[in-house]
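Open the model in your viewer and keep the selection tool at hand. This tour goes from stop to stop, saying what to pick next and what is there.

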Amino acid sequence: METILNISDLSKTYQSAGRMLTVLNNINFAVTTGSTNAIVGPSGSGKTTLLGLCAGLDRSSSGSVELNGINLGNLTEDQRAQVRNQHVGFIFQNFQLLPTLTALENVMVPLELRNEKNIRSRALDLLDKVGLADRGHHYPSQLSGGEQQRVSLARAFSNAPKILFADEPTGNLDAETSEKVVKLIFDLNKEAGTTLILVTHDLELAAKTQRIIRIKGGQLIADEKTING
Amino acid sequence: METDSVNYKRKTNIRWLFNMAWRDSRKNRSRLFLFISAIVFGIAALVAIYSFKYNVQNDVNGQAATLIGADLAISGTKPVDGSLKHLIDSLGDERSQERSFASMAYFPKSKGTRLVQIRALRGNFPYYGSIETTPVQAGTAFKKGKMAVVDKTLMLQFNAQVGDSIKVGNTLFLITGILNRAPGQSGAVAGIAPVVYIPMQYLAETGLLKIGSRVSYSFYYKYNKSVNMDRLTKKIDPILDKAGMRYETIESRKESTGRNFGDLSKFLSLVGFVALLLGCVGVASAVHIYVREKIASIAIMRCLGVKASEAFLIYLIQIVGIGLIGSVTGAVLGTAIQHLLPLLFKDFIPFTISVQISWMAIGQGILLGVIISILFALLPLISVRNVSPLNTLRLSFEEVGLSRDPLRWLVYALIGLFIICFTFLQLNSWLGSLFFTLGILIAFLILAVVAWLLTRIMKLLINGSWSYLWRQGFANLYRPNNQTLILMVSIGLSTMFICILFFIQSILIGQVSLSTSGNQSNMILFDIQNSQKDAVASLTRKQGLPVLQQVPIVTLRIEQIRGKTAADLQKDSTIKIQHGVFAYEYRVTFRDSLSESEKITDGTWVGKAESGKDVPVSVEENLAKRANLKVGDKIVFNVQGVQMPAYVSSIRKVNWGKVQTNFQVVFPTGVLEDAPQFQVLLTHVPSNKVSAAFQQAIVRNFPNVSIIDLGLVLSVLNELLSKISYVIRFMSAFSIITGIVVLVASVRISKYQRIQESVLLRTLGASRKQILAITALEYFFLGSLSALTGILIAIGGSWLLAKYSFELPYTVSLLPAMVLFLTISILTVIIGLLNSRGVLNKPPLEILRTNA
Ligand SMILES: Nc1ncnc2c1ncn2[C@@H]1O[C@H](COP(=O)(O)OP(=O)(O)O)[C@@H](O)[C@H]1O
Ligand SMILES: [Mg+2]
């Protein structure tokens, strides 16, 4: 089994108002390629911070993050941006679509960055997969929350990422819409064979993955396989 | 495991950047354009002035020959004789002569009299261009008989027609034409000294060429074959110089005219540049807010793999694009405005100004606009590079590290360098441009500090006892992302411009009218012959007018200073005496005491000369400076051919602002009494009617006596000042409009924030009226504090000018200041309310929905 993500002795401290605040304390775990994983914990426990570090959005205070064999700690911010563009997909709690771009253009951006071919038709295919083929010319402000999240899903899968990070993807959605989006995430994931790291405080959602990593107060308190694993 | 799976060196796809810039701008275009419109008027001003400059340059090159009217012109203030006459008569293939001097002219039909400039002409001058008259042929025909052409302002003033007559000295001339423009003369000059042309053969008959009349002698030459003017002038220059005469060629006139209007356009373009800089500061602060709103988008792009430099370039492309549009708009506007400039300057320019599209000016304007909008936008834009992708997970609202970015110093340096270089291009002096740049910086700083102080004081004044509406209105000036400071600086600057203008104008006018009011002298009679002295005085008294002062005047030249002559000065360039000192003809007086307006600054005043010794004279301080004279220095004067050794016994400071006879050199009594001299008499006329009757009586009895009517001078001066102030007001309009644009832009930028506040207030139960009042009060505070800033600085500035530059007593004209204060405050409120209308009129729910 190949390892796509390797976290060792990872810590993060913030300095605010002269006080040191340890948000993550000595975290260790590894993720195998193609697996689905959930990080759960109460609000404020450091989940989002951990996700940010794993995806190379932030630098750790100590310890290392190895993504697809690359030690992110050794890279510059621009180099990490290339890693993200070529290997990583994101889904955010508040969708994070570019408000000045249409749905289609939002999906096209990662492909355009990679200078690929047939960008438009591939983006349209992806929009079709999330059921929004006819909404491509709409701006995010013209879409509902669920629709926005589906566009963001299409965008996340557009560069065929090796690993997908999702931070509370259903946090801003109602139950019914959530269910649709969750189904899409898992379907697309299965189809593309992508590794999934899902951050949530929703245990029901977490149970759909193969493995649950629990953190509390910045510490890893449990790491167990689910019935899917 | 594939470790080389990432291509770190992805090349930046420029086309994609443009594509993104275009897409991203789609929803912000009107706003972006609003930012950049702040530079439109600055660019327009510069393009208009540059076009004007290039057109004037072309016109000067094309019309220089008609400005001087001949290939060579020689002029001096002495009659020529001896070898000089031989030289003067030998030059050129065709020659003309002109004598010009001030004299009274009398219009028998209307019984009007006025001091005019008589030009007695012989020969076919002008050889290029013409004496512009109505009817056209009058310009040459008047030389055939006892005829004159008379300036159009004179004709108008005395309601004279062609066919009437005009009396000059003892001779009556038939007015054969109206003079529209004398060669090389501008309208403003014509207003001060209206010209009357007469044929020279009748000059002697007028009897005006007597002792003391200051006549200038001009000689005009035409060459039928081309000659090397450079060689010729080099040859005659030393001879002419020794005789105190000057020469002009078409080439030298081209240069001097070009230089004069070059200076004017330099000044104007610097004024335009200030408006542009003001707009740029507005652009910088608007872009700052724009970038802050874009943090989320930038973070998303960074997440998706966009490099920091690429994110920066996307927004830079937007700014360049919009800067280009703004500059082109400005250039188009400027090219249109250019058509107004000839109207504005027609009184100051002695030729017809053409209006043509100048691609050079347009190119320069656009280039300048793009460069400067980039430079100023860079300041907030560099922080785009520091936006972390982490902001997607947690919009931290952490202040983007603008203040810590070391690159910002580079940008500041670039801006400073650019301003210095730009002003260098205008001024051609590094020191000058450094001072200008520092001056701008200090002016902006003073404005900012005064604005800040005023808001501080206001903050202290407004306490809990004020009503909620007032407190809230004032507090709004401090909302986040506010542009209070930049608005106060720009509105304050415009106010300051206008205000200083009013102040200076009223100080100057006030000074002149003050000195002509009451019993002070307001009429000067000069060129009175010694023999007429008592008769003129008694005629004055007979008319019921006072003889306030009667002063003898002797004309003389300086022959030697500390043993050095003009010839020594020519040979030895180390002698520190200015050139004109020896050539100049001085009008001096003699008396036994100092006048009220004089003050000894060095040495002692001696009122009576001892016979047989050197004469102790008092020298005015400016002449002392030019001639490098100290107390005790020996001077030899030439009084109508008689050498008179003297020494400097004192140096005087003279208040030239007062209307009375002032002199560069004052002699003691006891030496000049018998020298050839004439008299000056000062009187006070109570009204225009008395003035006219008195002038008529004088001109009838003493045709050689000239009269300066200060009432007339005052009105001419007033007219000239208002023309100049019109030009300055026109120029400052550009910074005013820029200020308004910045105001509109900043209201628009903070609109969303305002909507939310207004909705919140309304859900909390505030009425529409109350919100309107809060908004109105906010703009009232903004407008009034800015106006006050400008007015305070204007008071300070005009005080400094009055004290140190004009050396006049200072009086503040509060009324225009008050009017200005109210106008600016109300204007600001109106603009603010008009822009906020959308926010106020909609029901809260609708606003919440559309902005969700
Ligand atoms: N920039 C920061 N400075 C200081 N403290 C921070 C910063 N970012 C996050 N934190 C703190 O770190 C802790 C973990 O936050 P987060 O990772 O968002 O938790 P979760 O996503 O599990 O709710 C919180 O207590 C939060 O206040
Ligand atoms: Mg979180």
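## Stop 1

Select A:E77, which is partly exposed at 21% relative accessibility. The model is a predicted one. Show the cartoon. Both A:E77 and A:R80 belong to helix α2 of chain A, three residues apart, about one turn of the helix. Is A:R80 buried or exposed? A:R80 is buried, with a relative accessible area of 4%.

## Stop 2: a pair between chains

Select A:E112 and B:R23 next. This pair crosses between chains: A:E112 sits in helix α3 of chain A, and B:R23 in helix α1 of chain B, residues 14–25. A:E112 and B:R23 form a salt bridge, with 2.6 Å between the closest N and O atoms. Color by accessibility. A:E112 is buried at 8% relative accessibility. B:R23 is buried too, at 4% relative accessible area.

## Stop 3: the interface

Display chain A and chain B together. The contact takes in 44 residues of chain A and 36 residues of chain B. About 3,500 Å² is buried between chain A and chain B, and carbon and sulfur atoms give 57% of that area. Pick A:Q82, A:T100 and A:L113. These three supply 18% of the area that chain A buries against chain B, more than any other three residues.

How many salt bridges does the rule find across the interface of chain A and chain B? It finds five. It also finds 14 residue pairs in polar contact across this interface, both residues being at pLDDT 80 or more.

Now highlight the elements on the chain A side. Those that give two or more residues to the side touching chain B are β1 (3–16), α1 (47–54), α2 (77–87) and α3 (103–113) of chain A. Which element gives the most? Helix α2(A) does, with 10 residues. Color that side of chain A by residue class. It divides into 18 nonpolar, 17 polar and nine charged residues.

## Stop 4: another helix of chain A

Move to helix α6 of chain A, residues 175–192. Select A:K183 and A:D187, which lie four residues apart in this helix, about one turn. Their side chains meet in a salt bridge, at 2.9 Å from N to O. Check the accessibility of each partner. A:K183 is exposed at 52%, while A:D187 is partly exposed at 38%.

For the whole structure, the search finds 29 salt bridges over all chains.

## Stop 5: the cysteines

Finish with sulfur. How many disulfides does a search of the whole structure find? Over all chains, the search finds zero.

Select B:C280 and B:C421 to see one case. The closest cysteine sulfur to that of B:C280 is in B:C421, 16 Å away, so the two are too far apart for a bond. B:C280 is buried, at 0% relative accessibility. Last, select B:C499. This cysteine is also buried, with a relative accessible area of 1%.

Definitions and conventions:
Residues numbered from 1 in each chain as written. Chains lettered and ligands numbered in written order. Predicted model: local features only at pLDDT ≥ 70, side-chain atom pairs only at ≥ 80, totals over all residues. Heavy atoms only, no water. Disulfide = S-S within 2.5 Å. Buried < 20%, exposed > 50% of the residue type's maximum accessible area, 1.4 Å probe, protein only. Contact = heavy atoms within 4.5 Å. Buried area = accessible area lost by both parts, 1.4 Å probe. Salt bridge = Lys/Arg side-chain N within 4 Å of Asp/Glu carboxyl O. Polar contact = N/O pair within 3.5 Å; in protein donor to acceptor, adjacent residues only side chain to side chain. Nonpolar A, V, L, I, M, F, W, Y, C, P; charged D, E, K, R; others polar.
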